[in-house]
Amino acid sequence: MNFQTTASFILASQSPRRRELFAQLHIPFDVESADVEETSVAFQTAPQYVQDVALLKAQAVAAKHPDAVVIGSDTIVVYRDQLLHKPKTTNEAVQHLQKLRGKTHEVLTAVAIVTAQNTYSFVETTSVTFRMVSDAFIEAYVATGDPFDKAGGYGIQTDGVFFVEKIDGDYLTVVGLPLSRLTDELLQHNLLQLETQEVQA
């Protein structure tokens, strides 16, 4: 599929995974990391928190680029009403994964779209069930260094996939950018147009 736009897009994210996903739209865009402190956002509910962080990121970049369409996003892992942030230490990464093994948790990704005229945002939720794995399995994964830039301490698109028994919802929500829902929102608000081509018989 091909899309077209007259808008200037900026992805307010340092995540290479979100960059790769957004590139699938095949439209020009720039990337600018939002210099914000995520922990400055007060926690109310998990959906509200992740949505507020996504908005914080998008608004920080939009303040410097008022004519652009700025996309901000944030992903969190929630287990029994507890947020599992990106682990800062080996022990914390191991503890995250020990909590999640053999259990089902929720992954929430929020997306904020900020323009000069309007702000739109949404939250997508996917349930992920982990297999029961050994401590040795967890420690071997943590030793790869993969958990440390990922909410919950794992990446479903990397070796973290070996923990996963099943998912219920959009896989890309877990990766970090629910592209189908985002595309729907951009089309709905006329920030993106579908390029139609004649089908050759």
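User: In which sense do strands E2 and E4 pair?
Analyst: This is a predicted model. In it, E2 (residues 9-12) pairs with E4 in the parallel sense, over 4 bridges. Within that pairing, Ile10 stands opposite Val70 of E4.

User: And in which sense do E4 and E6 pair?
Analyst: The sense is antiparallel, over 9 bridges, with E6 spanning residues 104-114.

User: What stands opposite Val77 in E5?
Analyst: Leu84 does. E5 (residues 82-84) pairs with E4 in the antiparallel sense over 3 bridges.

User: What about the turn there, how many residues lie between the strands of the E4 and E5 hairpin?
Analyst: The hairpin has 2 residues between the strands, and Arg80 takes a positive phi near 50°.

User: Which ones point which way?
Analyst: Val69, Ile71, Ser73, Thr75, Val77 and Tyr79 point one way, while Val70, Gly72, Asp74, Ile76 and Val78 point the other way. In a regular strand, side chains alternate between the two faces of the sheet.

User: New topic, the surface. Which residues form a nonpolar patch there?
Analyst: Phe137, Val161 and Phe162 form one, with about 260 Å² of accessible area together.

User: Where is Phe137, and why does it count as partly exposed?
Analyst: Phe137 sits in helix H4, residues 135-142. Phe137 counts as partly exposed because its relative accessibility is 31%, and that class runs between under 20% for buried and over 50% for exposed.

Note on methods:
Residues numbered from 1 in each chain as written. Predicted model: local features only at pLDDT ≥ 70, side-chain atom pairs only at ≥ 80, totals over all residues. Heavy atoms only, no water. Patch = residues over 30% accessible without salt bridge, like charges linked within 9 Å, V, L, I, M, F, W, Y side chains within 5 Å. Areas by Shrake-Rupley, 256 points an atom, 1.4 Å probe, with all protein chains shown as cover. Salt bridge = Lys/Arg side-chain N within 4 Å of Asp/Glu carboxyl O. Buried < 20%, exposed > 50% of the residue type's maximum accessible area, 1.4 Å probe, protein only. Pairing = 2+ DSSP bridges.
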